[in-house]
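Thanks for asking me to look this one over. My notes follow as numbered points, with the cut-offs given where each term comes up.

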Number of protein chains: 2
Amino acid sequence: MRATTIHGPGDIRFTEVPDPVIAAPTDAIVKVTGSCICGSDLWHFRGENGPIDEPRTIGHECVGIVEEVGPQVRRFKAGDHVLVPFCQCDNTCPNCQVGVQSACVNGAMTASGQAEYARVAQADGSLVRTEGVPDAATMPAMLALTDVMATGWHAAVSAGVRPGSTVAVVGDGAVGLCGVLAASVLGAERIIALSRHADRQRIARAYGATDVIAERGEDAVAALKELTGGVKADAVLECVGTDQAMRTAFDVARAGATVGMVGAPHGVELPLRTMFSKNIGLAGGVAPVRRYLPELLDLTLEGRIDPGRVFDVTLPLDRVAEGYAAMDERRAIKVALTPIS
Amino acid sequence: MRATTIHGPGDIRFTEVPDPVIAAPTDAIVKVTGSCICGSDLWHFRGENGPIDEPRTIGHECVGIVEEVGPQVRRFKAGDHVLVPFCQCDNTCPNCQVGVQSACVNGAMTASGQAEYARVAQADGSLVRTEGVPDAATMPAMLALTDVMATGWHAAVSAGVRPGSTVAVVGDGAVGLCGVLAASVLGAERIIALSRHADRQRIARAYGATDVIAERGEDAVAALKELTGGVKADAVLECVGTDQAMRTAFDVARAGATVGMVGAPHGVELPLRTMFSKNIGLAGGVAPVRRYLPELLDLTLEGRIDPGRVFDVTLPLDRVAEGYAAMDERRAIKVALTPIS
């Protein structure tokens, strides 16, 4: 098949690779009908996840049609249209049972989402069926559910957002914007988005942000402190993963707050003394997408959320490299990829 | 007055110091009828909280009789018997309102608990009245409420202990033992205490520990893993504050667990990658004693908890230095101090 492959920092190609195959009896092969590029793909693209010794497929967000299933797959058959959570899971192990499907003991991660076909481990546990193939208008929302919307939701749940909360959202990428949307649905009274980009600010406001802070670092903290009468935020969504973002997250957290982290941490040093003296907690991690998918799918189909607005560029799959460049240079918030014939 | 003073690492004396005075109209002066030595006093005693430039009073756990109140104190008068939470608070500020009285914006810490008199800031918010002077049999429990019992309780609450939980308690000092007791009252089904000392193991079992692990480090982790069928603990109470204890706490935490930390962190490096990949949270900090005191006092008076069992040595106040040495050398779990005439 043809797939997106990464060959080194900044080197994304669309190449011919072996077809994925049913390797375990619980596997399924999905023909990809829509995929996209994740902010976390950029860590690899920028060489910040260690060296890339040999070319490999990349991409973990996709929806598609079941092409083939292994002999132990019971709930899905060829032809079913499905959402593929980026972290696959059996949905029955002890970790799945407590809602941490992202740490499933039989879990795997979608490895060729930006391709013609993807292998899905633990298909019965991982996949969620949808009615038919989403149309072009619905596809972006469906794609967002497979990662960024569920991840923003996880940030809000982990941070303990509840009705009446004052929430700060650090990060104005697709996940941060989805975090704003999640906080809004969960009943937050005040949602303060930290964003310097006019296009992202617009989406944040459309998603429910009541305030936007364009400053960074100490100035952002001062601005948020003023907005909240000196109290700061009850719940903070950390949707970046850098040390600066994490520091800002803790700096805008009030005593007793929780920082919900979903940005994969890179070079982060936690302010443990402040956490201890102010009782500021840290929760979250890799989002258990499968846990939230049914609820988020319902919210989407009911029209209560439209997570697809985070996509501002759509490209055919064979131009995926342009998509990476656009996101890396922050010319695009998030890039959707359409199948090529 | 005569008070316990620290002059340098290992140098505890009982000396003459100026009487505490009403410095703010919300202050009270309490004549100490019982006090004790805290595990956290040992950080100072061991020189691990930085240099001690000049002699100062030490001790933050006491109960007593109100001697004098400032003109703005409304709820207490001379002669009232009171519990003095180690962290004083107005109990009305935004932080107090969300249950973090230990980060009260007008807060202070009891500074001369191991003395004849102690000043209490924000007396109306801080103090909790008891019926008369506790007798000798009740005094240890009352003393435990002013810090260690409330701190162990905070660890359990922060870790999210609930009915049916499997709980691991790291640390067999007075706080860890109180954490076991708290987990038991909160309905934990299984409570695994990590303890190498027979006397502490006995108290842990009396407080509700269903299992005791005497191993340390990796062996302790392996033992706990076996006890829990490979799943590990739903909630972990970290009651020490060293790097090794924190590492053990995270190592015995299952995916989705929360580590409730109440040991003041010293030289701790958090396993952030594991926290992220397994969604293991960290919560807790300095215990908001005042928040829990009414409930814990009721539980004690109803005979449902007896936190006083953590005291195994009682000394007159002028022999306080012996008490520090006994706790430092782990010959005593916790030392109570009685007034001298």
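**Notes on the two chains**

1. Strand S1 (residues 2-8) of chain A is joined to S4(A) by two bridges, and the two run antiparallel. Thr57(A) in S4(A) is the bridge partner of Thr5(A). Helices (H or I, at least four residues) and strands (E, at least two) are DSSP runs, numbered from the N terminus, and two strands pair if DSSP finds at least two bridges between them.

2. Some housekeeping before going on. This is a predicted model, in which local features need pLDDT of at least 70 and side-chain atom pairs count only at pLDDT 80 or more, while totals for chains, interfaces and linings use all residues. Residues are numbered from 1 along each chain as its sequence is written, and chains are lettered from A and ligands numbered from 1 in the order in which they are written.

3. Back to the sheet in chain A. Three strands form an open, antiparallel sheet in the order S2-S1-S4. Strand S2 (11-16) and strand S4 (56-57) of chain A are at the edges with a single partner strand each, so one side of each has no neighbour in the sheet. Helix H12 (residues 320-328) of chain A lies across S1 and S2 of chain A, at about 160° to S2(A). That angle is taken between N-to-C directions, on a scale from 0 to 180 degrees, with axes as lines fitted to C-alpha atoms, for helices over the stretch in contact.

4. Chain B has an open sheet to look at as well: three strands in the order S2-S1-S4, with antiparallel pairing. Strand S1 (residues 2-8) of chain B pairs with S2(B) over six bridges in the antiparallel sense, and Thr5(B) stands opposite Arg13(B) in S2(B). Helix H12 (residues 320-328) of chain B lies across S1 and S2 of chain B, running at about 160° to S2(B).

5. Where does Arg46(B) sit? Arg46(B) is in the loop between helix H1 (41-45) and S4 of chain B. Arg46(B) counts as partly exposed, with 13 C-beta neighbours inside 10 Å. (A residue is buried if 20 or more other C-beta atoms lie within 10 Å of its own, exposed if 12 or fewer, and partly exposed in between; C-beta atoms are placed from the backbone.) Arg46(B) and Asp328(B) are 282 residues apart in sequence, yet their C-alpha atoms are 8.2 Å apart in space.

6. Strand S3 (residues 28-36) of chain A is worth a careful look. Seven of the nine residues of S3(A) are buried, so this strand is largely enclosed by the rest of the structure. S3(A) runs antiparallel to strand S5 (residues 62-69) of chain A, joined by seven bridges, with Lys31(A) opposite Ile65(A). Four bridges join S3(A) to strand S9 (residues 117-120) of chain A, also antiparallel, and here Val30(A) stands opposite Ala118(A). Two bridges link S3(A) to strand S18 (residues 335-338) of chain A in an antiparallel arrangement; Leu337(A) is the bridge partner of Ser35(A).

7. If you check backbone torsions, two residues other than glycine deserve a glance. Gln122(A) has a positive phi, near 50°, and is found in the loop between S9 and helix H3 (123-126) of chain A. Gln122(A) is buried, with 26 other C-beta atoms within 10 Å. Asn279(A) has a positive phi near 55° and lies in the loop between H10 and S16 of chain A. Asn279(A) is buried, with 29 other C-beta atoms within 10 Å.

8. Now the core. Val236(A) and Val236(B) touch the most other members among the 242 residues of the largest nonpolar core. (Such a core is a set of buried Ala, Val, Leu, Ile, Met, Phe, Trp, Tyr and Cys residues joined through C-beta atoms within 7 Å.) Beyond its neighbours within four places in sequence, Val236(B) is in contact with residues including Ala159(B), Val170(B), Val252(B) and Gly260(B). Contact here means that C-beta atoms, placed from the backbone, lie within 7 Å.

9. Finally, how do the chains meet? The contact takes 27 residues from chain A and 27 residues from chain B. On the side of chain A that touches chain B, H10(A) gives the most, with five residues. 100% of the interface residues of chain A are also interface residues in chain B, so the copies meet through the same surface.

Methods:
Two residues are in contact if their C-beta atoms, placed from the backbone, lie within 7 Å.
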